[in-house]
Amino acid sequence: MTAGLLFDIALVVGLTIIAFRAIHAPDLFVGAVLYIVFGLLLALVWVRLNAPDLALAEAAIGAGITGAMLLDAVRQVGSPARRAPVLTRIGRVAPWAGAVGLGAVAAGALVTLEDRGGTLGEMVRGRVAESGVDHPVTAVLLVFRGYDTWLEVGVLLVAAIAVLGVRRTRVLVPSEPSSEAPPIATAAAGVLLPAGVLIGGFLLWTGSHAPGGAFQAAAVLAAMGILVSLLGRPPLASLSALRLRLLLVCGFTTFLAAGVVGLLVEDAFLRYPAAAAGWIITVIELAVTVSIAASLVLLFAGGRDRAADEAAG
Amino acid sequence: MMDPRDVLTVLCVLLGAFFFFAGTLGVLRFPDAITRLHAVTKADNLGLGLVVLGLALQAASLLAVLKLLLIWAIALLASATSCFLVADSALRGQGERESAG
Amino acid sequence: MDEFFIGVAIFLLFTLLSGLQRILRGPTEADRMLSAQLFGTTGVAITLLLAELTPAAGLRDVALVFTLLAAVNVVAFAHHTWRREVGR
Amino acid sequence: MSSYVVYVVGAGLLLVVGVHGALTARHLVRLILALNVMSGGVFLALIAISARGAGSAAGPDPVPQALVLTGIVVAVSITAFVLALARRIHALSGRTSLSEEDLE
């Protein structure tokens with residue numbers, strides 16, 4: 001057995017145990033902390049599988065933003081209600097039986113899956129030069145399967161609208177009450193924020209030829225926005241409602257506009273004219289980054305309904 | 001005969017791993033949250049620093065060395081702040097809320 | 001050298017997993033949060049070691065993002081101490 | 001045994017833990033954790049398959065990578081929405097689950 005295999009086994013065993021303990025932790029705060037660790041280990045899995053794009057996204061979104069959302073939410077809704085009654089034997093065994101059956105079928109099918117080769121990946125790598133960018137994952141996201149990414153930006157937009165919809169307040173981003181963040185925290189944020197914005201910009205720029213891109217950059221920028229809002233200054237609160245809406249929809253509409261341009265010039269939706277492909281992709285990526293970052297900040301800050309908080313307090 | 005640079009890398013990384021081990025030991029064995037914080041923050045950042053130093057010796061370019069040092073610098077700043085915040089929250093009593101685990 | 005790096009990575013992974021005890025046992029929230037912090041730093045070191053194994057670019061950026069995001073989580077944990085709120 | 005088998009079995013295990021959690025958990029926060037674990041399993045399966053075989057020296061197949069990347073973003077959107085719903089339900093009714101009697 002090689003050392004690498006030992007690492008993989010330890011990682012997978014740890015991941016499974018942590019996942020189970022996170023879901024069934026008696027105290028949901030523990031569940032939230034364990035979920036952060038789960039995201040961290042999953043990011044290590046992506047590192048091991050040589051998928052840095054995913055590791056970046058998982059580190060920023062899975063462990064980072066989702067973790068912050070959970071930590072914040074369990075403060076309000078984490079109080080455990082009455083314990084469930086002791087289940088009958090069937091009640092205990094049946095979920096396990098179903099889950100294990102499903103998992104065994106899935107894992108069994110995958111273990112015995114033949115490697116036939118001839119994947120889409122080879123086609124992508126062969127034709128990446130035609131796309132206008134050099135990094136294959138970015139090429140798939142913005143060119144070869146631009147449709148998916150466009151609609152995915154739409155999903156995020158819908159989620160942001162839905163989160164705003166279930167709140168009681170009509171203010172888009174509720175302003176925090178006067179907060180007394182410790183000076184150490186604000187001073188550290190004074191260094192971390194510019195560093196984070198720089199790293200976000202770097203990830204966006206590097207995405208055209210190396211791992212990184214709009215999603216990862218937006219996640220890092222959103223994390224910085226969340227940091228600011230936790231320190232008592234909601235980053236989007238000072239914007240007028242119109243500007244905020246523009247930020248939210250600019251990614252979706254820019255993508256749509258690029259698609260329509262393709263339809264008019266090249267006769268196919270989202271096909272970019274070869275000469276301008278690089279530029280069009282850059283503009284789309286910029287707009288998409290801004291929109292995703294704004295949506296993620298809103299998903300975090302917008303969900304924190306202060307009136308509800310106080311009623312529950 | 002190993003390259004002296006490789007020897008240095010091995011030494012630094014091993015020493016770094018030792019400090020991580022010491023930090024984990026402290027977290028598991030020290031009696032309360034404040035002493036455990038002390039173990040985590042000091043031992044881990046020294047450990048990370050030594051690993052970074054060891055790997056910087058292997059780095060192919062100056063840019064890679066700078067990136068490694070940047071990682072360590074951000075880690076130092078972030079963990080010093082985190083240490084303060086967790087200790088602050090523990091001392092104010094909120095973090096002391098016993099939670100069933 | 002590769003075998004050495006993965007060996008150290010395995011060692012660090014085992015220290016990380018044994019640190020899980022502290023998250024599960026607590027007893028205070030601060031204990032659990034500081035263990036998660038320990039995991040973050042250890043994860044950064046493991047990522048850097050694994051990055052040495054492949055020529056692929058970008059793995060060090062993952063470590064960079066880890067360090068940055070760990071701070072956000074701790075602030076999310078601690079911010080209730082300075083948020084003046086009704087009833088808490 | 002290869003790393004491929006380890007990670008595919010790991011994907012199966014995460015699916016088991018996630019499905020079991022989704023079937024037994026009542027608290028909305030637990031449900032969303034279980035859902036995230038399930039999707040983690042599916043993502044792992046996709047990437048494990050694409051990381052093996054020919055051409056994998058240059059990293060996994062970029063197409064599933066792009067799919068999983070969008071999947072991660074969709075997962076965080078759903079998580080945020082469910083958490084916002086849970087807060088609202090809790091504020092209005094004091095409950096933390098969708099069942100009539102408030103059991104954990």
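**Entry 1: the model**
I am working with a predicted model. I keep that in mind for every value below.

**Entry 2: chain A as a whole**
I started with the secondary structure. Chain A has twelve helices and zero strands. I read along the sequence and found the pattern α-α-α-α-α-α-α-α-α-α-α-α.

Next I looked up burial. Chain A has 313 residues, and 57% of them count as buried. I also looked up the accessible surface. For chain A it comes to about 12600 Å². Carbon and sulfur atoms hold 67% of that surface.

Then I checked contacts along the chain. I took those in chain A between residues at least 6 apart in sequence. Of these, 73% join residues at least 24 apart.

**Entry 3: helix α6**
How many residues of helix α6 of chain A are buried? I found eight of nine, so the helix, residues 136-144, is mostly covered by the under 20% cut-off for relative accessible area. I listed the buried ones: Pro136(A), Val137(A), Thr138(A), Ala139(A), Val140(A), Leu141(A), Leu142(A) and Val143(A).

**Entry 4: Ser291(A)**
I picked one residue in helix α11 of chain A, which spans residues 277-303: Ser291(A). Is Ser291(A) buried or exposed? Its relative accessibility is 1%, so I count Ser291(A) as buried.

What does Ser291(A) touch? I left aside its neighbours within four places in sequence. The contacts are then Leu247(A), Leu248(A), Val249(A), Cys250(A) and Gly251(A).

**Entry 5: chain D against chain A**
I turned to the interface. Chain D gives 74 residues to the contact, and chain A gives 90 residues. I noted a general point here: the size of an interface is often given as the accessible area lost when the parts come together. Chain D and chain A bury about 7300 Å² between them. Of that area, 75% is on carbon and sulfur atoms.

I then looked for charged pairs. The count between chain D and chain A is one salt bridge. The side chains of Arg87(D) and Asp72(A) form a salt bridge at 3.2 Å, N to O.

**Entry 6: the side of chain D**
Which elements of chain D give two or more residues to the side that touches chain A? I found α1 (3-24), α2 (28-50) and α3 (62-93). The largest share comes from α3(D), with 24 residues. Last, I sorted the residues on this side of chain D. They divide into 47 nonpolar, 20 polar and seven charged.

Note on methods:
Residues numbered from 1 in each chain as written. Chains lettered and ligands numbered in written order. Predicted model: local features only at pLDDT ≥ 70, side-chain atom pairs only at ≥ 80, totals over all residues. Heavy atoms only, no water. Buried < 20%, exposed > 50% of the residue type's maximum accessible area, 1.4 Å probe, protein only. Helix = DSSP H or I, 4+ residues; strand = E, 2+ residues; numbered from the N terminus. Contact = heavy atoms within 4.5 Å. Buried area = accessible area lost by both parts, 1.4 Å probe. Salt bridge = Lys/Arg side-chain N within 4 Å of Asp/Glu carboxyl O. Nonpolar A, V, L, I, M, F, W, Y, C, P; charged D, E, K, R; others polar. Areas by Shrake-Rupley, 256 points an atom, 1.4 Å probe, with all protein chains shown as cover.
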